[in-house]
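Please look through this model with me before you read on. Keep the sequence and the 3D view side by side.

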Amino acid sequence: MAKKYNFYAGPAILPQAVMKKAQDELLNFNTSGLSIMEISHRSKDFEAVITGAEAKIRALLGVPENYHVLFLQGGASLQFGMIPMNLLKGRQADYIHTGEWAKKAIKEAKLFGKVNIAASSEDKNFNYIPKAFDFTADAVYVHLTSNETIGGIQWPSFPDTGKVPLLADMSSDIFSRRIDVSKFALIYAGAQKNIGPAGVTLVIIRNDLVEASADNLATMLSYKTHAKEKSLYNTPPCFAIYIIKLVMDWIEAQGGLAAVEAVNDEKARLLYEAIDSSTLYKGTAEVNSRSKMNVTFRLPSAELDEKFVAEAKQAGFIGLKGHRSVGGCRASIYNAMDLDGVKELIKFMEKFATANQ
Ligand code: PMP
């Protein structure tokens, strides 16, 4: 089969080495004679997987001791609700509105308390990350979306929220670059971009937030439950956690987050350079807010966008259609997309530009 280059936004490309390893041991995990999908989540074998995944996450990201690392279900979308449900208790929180995903988080938070929009980039169709904030002194927390997967904008650095805990949806850029976890009180991410398959959500939460969580919640919706039971209150998404463990091994083998970040920087630099030097493609995000994970761009007409996506697909470049809510084109270049893949895409873009000027 001709090589395919996967630019889907999520579920998204995973490292080939991870897929190969999973394939190799699919029918016989750790010489047990059984598949990882067939063994008890209380077995020694699975215990080693989940504690191993947590240990690698802690080491690679530098998660301080006073945080829990949880593997939950319900996607990042459930966290939009779980966060205010556990923490707000009718009080107020600040949200920074940067696009489609922030909007969904805001919608859920309004069910549980008062939401202040501390900053918004709605005035320019969410094509930039705000730089000025109107923070509320007694907000329970500040929430932001580190990378807007649809709009293609990403926080280059994070605001200082003083004593107010900072919470972040990092679904589409976690493990793509180094971060100072201690700046955040809670980080969450659906796995299906940089860390694994759909079905598991990573939540990194500081102890004091767990302790401050509401008590009168359904068991499965309470951070207290999952922190106390170390993500094993009920059956966790075992296979997805196993793949996360393999992805963490892979990141480690790349040289850790600094090495992964350097490659990601170079991939994004080359792709944006190709867009900026062409008259056919136009980047949609403001330069200083450009995402290094989701590169959004447009051609001069919706017809040309469509033609580009279709011909790209024919040539093996899959998933370049922009999100249905905004149109245009989007190349998602997560960790597992290597530099050569991006260079091949650029070659295709140049050829298409020459033929369609
Ligand atoms: N936040 C961001 C930034 C996302 O990109 C997505 C999914 N693409 C979500 C939240 C929702 O994640 P899920 O589908 O896991 O609920």
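This is a predicted model: local features need pLDDT of at least 70, side-chain atom pairs count only at pLDDT 80 or more; totals for chains, interfaces and linings use all residues.

1. Next, the layout. The protein has two parts: domain 1 spans 17–253 and domain 2 spans 256–356. Their centres, taken over C-alpha atoms, are 27 Å apart. Domain 1 brings 27 residues to the contact, and domain 2 brings 25 residues.

2. How much area do domain 1 and domain 2 bury between them? The figure is about 2,100 Å². Carbon and sulfur atoms account for 52% of it.

3. Which residues of domain 1 lose the most area to domain 2? They are Ile150, Gln154 and Arg178. Together they make up 24% of what the domain 1 side buries. Find these three in the 3D view.

4. Across the same interface, 14 residue pairs are in polar contact, with both residues at pLDDT 80 or more.

5. Now trace the domain 1 side by its elements. Those giving two or more residues to the side that touches domain 2 are helix 2 (44–61), strand 6 (147–148), strand 7 (153–154) and helix 7 (238–254). Helix 7 gives the most, with three residues. By type, this side of domain 1 has 10 nonpolar, nine polar and eight charged residues.

6. Turn to the ligand. The residues around it include Gly75, Ala76, Ser77, Phe80, Trp101, Asp169, Gln192 and Lys193. A polar side-chain atom of Asp169 lies 2.6 Å from a ligand nitrogen. A polar side-chain atom of Gln192 is 2.9 Å from a ligand oxygen. Ala76 uses its backbone instead: a polar backbone atom is 3.1 Å from an oxygen of the ligand.

7. Last, two backbone details. Most residues other than glycine have a negative phi, and most peptide bonds are trans. Where does Pro11 lie? It is in the loop between strand 1 (5–6) and helix 1 (16–24). The peptide bond from Gly10 to Pro11 is cis, with omega near -10°. Phe126 is not a glycine, yet its phi is positive, about 55°. Phe126 sits in the loop between strand 4 (114–120) and strand 5 (142–145).

Technical notes
Residues are numbered from 1 along each chain as its sequence is written. Side-chain values use heavy atoms; hydrogens and water are left out. Domain bounds come from an automatic or database domain assignment. Contact means heavy atoms within 4.5 Å. Buried area is the accessible area (1.4 Å probe) that two parts lose on being put together, summed over both. A polar contact is a pair of N or O atoms within 3.5 Å; within protein, one must be able to donate a hydrogen and the other to accept it, and residues adjacent in sequence count only if both atoms are side-chain atoms. Helices (H or I, at least four residues) and strands (E, at least two) are DSSP runs, numbered from the N terminus. Ala, Val, Leu, Ile, Met, Phe, Trp, Tyr, Cys and Pro count as nonpolar, Asp, Glu, Lys and Arg as charged, and the others, Gly among them, as polar. A residue is near a molecule or strand if one of its heavy atoms lies within 4 Å of it.
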